[in-house]
Amino acid sequence: MSFLSQYWPIITPAMLFAILAIIEIFIPRRTLNLSRKWRWITHALFLGTNNIIGRLLAFIIIVPAAANWAYDNQFGLFYMFDLPWWVVAILSVIIMDFAVWLQHRLMHVHPLLWRMHSVHHSDRDLDVTSALRFHPFELIVSTLYKSAWVIMLGVPLAVAVFFEVWLNACAMFNHSNIKLPKKFDRIVRLFLVTPDMHIIHHTTHRDEQNSNYGFALSIWDRLFNSYNDQPRDGHNGLTIGLEEAQNDAPSKPLWSFLLPFRNVE
Ligand SMILES: [Zn+2]
C-alpha cells in the first residue's frame, strides 16, 4: 500500500497508458499512416529524455521547490484567504488548466515556441504515444512556466503533483486512437477534451491547428472563441501532421529531436 501511495504518480499513468494502448488495438478510430515500429521507438526515446529532464525537473526539483517556497513564505493568492483545502484544490486545478491552455496558445503564436511545439505536431498519426512526443526543451519551458503559476497562486505541493498526473492522463486520453460512440463524445466534450475534438488541432490546416488548444477542460476554447466542432475534411478525410513533413521523417528520432533547429516554417 505504501508502495502505491508513494509511486501512484508513476503507476497510474503507466496503467492508463497500457489500457488505452490495448483499446486502440481493438477499436481504432483511424488506420495509422506510418508503421508503429519507428514511431514508437521515437516516442519511447522522448519518454526517456522527458522523464529524465522533464519529470525529474518537474516532480522532484522545480515544482516542489516552487510549492514549498510559496508555503514557507505564505506567498501566492490562496494564502491570502482562509479557504478550505478542497476549495483550494479545485480552484488550483481549474486555474492551472487555464494556464496550460494559455501556454499552448502561446506555443502556436511565438515563432521560437512553435519551433519546439512543432515537434509534437509533426506526428503523422495520433495515438496514446503522441502524448509523449514533446521536445525536452518544450518540457523545460513548460515546467518553469507552470512553477511560476504554482508560486503566484500558492498551489499546495500535493495538488501540483495531482495536476501533473491529471493533465498527463487527459493528454493520453485525447491523443488516443480510439473510436468512441458519438453520443459519449458529445457528452464528455461538454467538460473534457475528447480524441475527436483534439484531432482537429492536429490536422495540416493552420486554422485548425489554431483551434482546440485545450488538454483537459474544454471550456477555455469555447470561452475564448477557439472552439472547432468538426474537421473541415471530415474525420475520415483529414490529414494529420505538418503540411511540409508529409513523409516518414517524423517517425525518425534524430529528425524529430532536431526539428526545432531546422528551417521549417
Ligand atoms: Zn498544439
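Trp 149 is buried, with a relative accessible area of 17%, where buried means under 20% relative accessible area, exposed over 50% and partly exposed in between, using a 1.4 Å probe and protein chains only. The model is predicted, so local features need pLDDT of at least 70 and side-chain atom pairs count only at pLDDT 80 or more, while totals for chains, interfaces and linings use all residues. Residues are numbered from 1 along each chain as its sequence is written, and side-chain values use heavy atoms, with hydrogens and water left out.

Tyr 145 is also buried, with a relative accessible area of 19%. Tyr 145 and Trp 149 both lie in helix H5 (residues 136–153), 4 residues apart, which is about one turn of the helix; helices here are DSSP runs of H or I with at least four residues, numbered from the N terminus. H5 has 18 residues and reaches 26 Å from its first C-alpha to its last, close to the 26 Å expected at 1.5 Å a residue, the expected span being 1.5 Å times one less than the number of residues. Just after H5, Gly 154 takes a positive phi of about 75°.

## Aromatic pairs

The structure holds 10 aromatic pairs, a pair being rings of Phe, Tyr or Trp (its six-membered ring) with centres within 6.5 Å, counted as stacked when the planes are under 30 degrees apart, edge-to-face when over 60 and tilted for the rest. The rings of Phe 98 and Trp 220 have centres 5.2 Å apart and planes at 65°, so this pair is edge-to-face. Because Phe 98 lies in helix H3 (residues 85–109) and Trp 220 in helix H10 (residues 219–223), the pair ties together parts that are 122 residues apart in sequence.

Tyr 145 and Trp 149 form a pair that is tilted, with 6.3 Å centre to centre and 55° between the planes.

## The zinc site

The zinc ion is coordinated through NE2 by His 104, His 108, His 117, His 121 and His 201, at 2.1 to 2.4 Å; donors are N, O and S atoms within 2.8 Å of the metal (3.2 Å for Na, K and Ca), and water is not among the atoms, so sites may look incomplete. His 104 lies in helix H3 and His 121 in helix H4 (residues 111–121), so the pair ties together parts that are 17 residues apart in sequence. Both His 104 and His 121 are buried.

Conventions. Helices (H or I, at least four residues) and strands (E, at least two) are DSSP runs, numbered from the N terminus.
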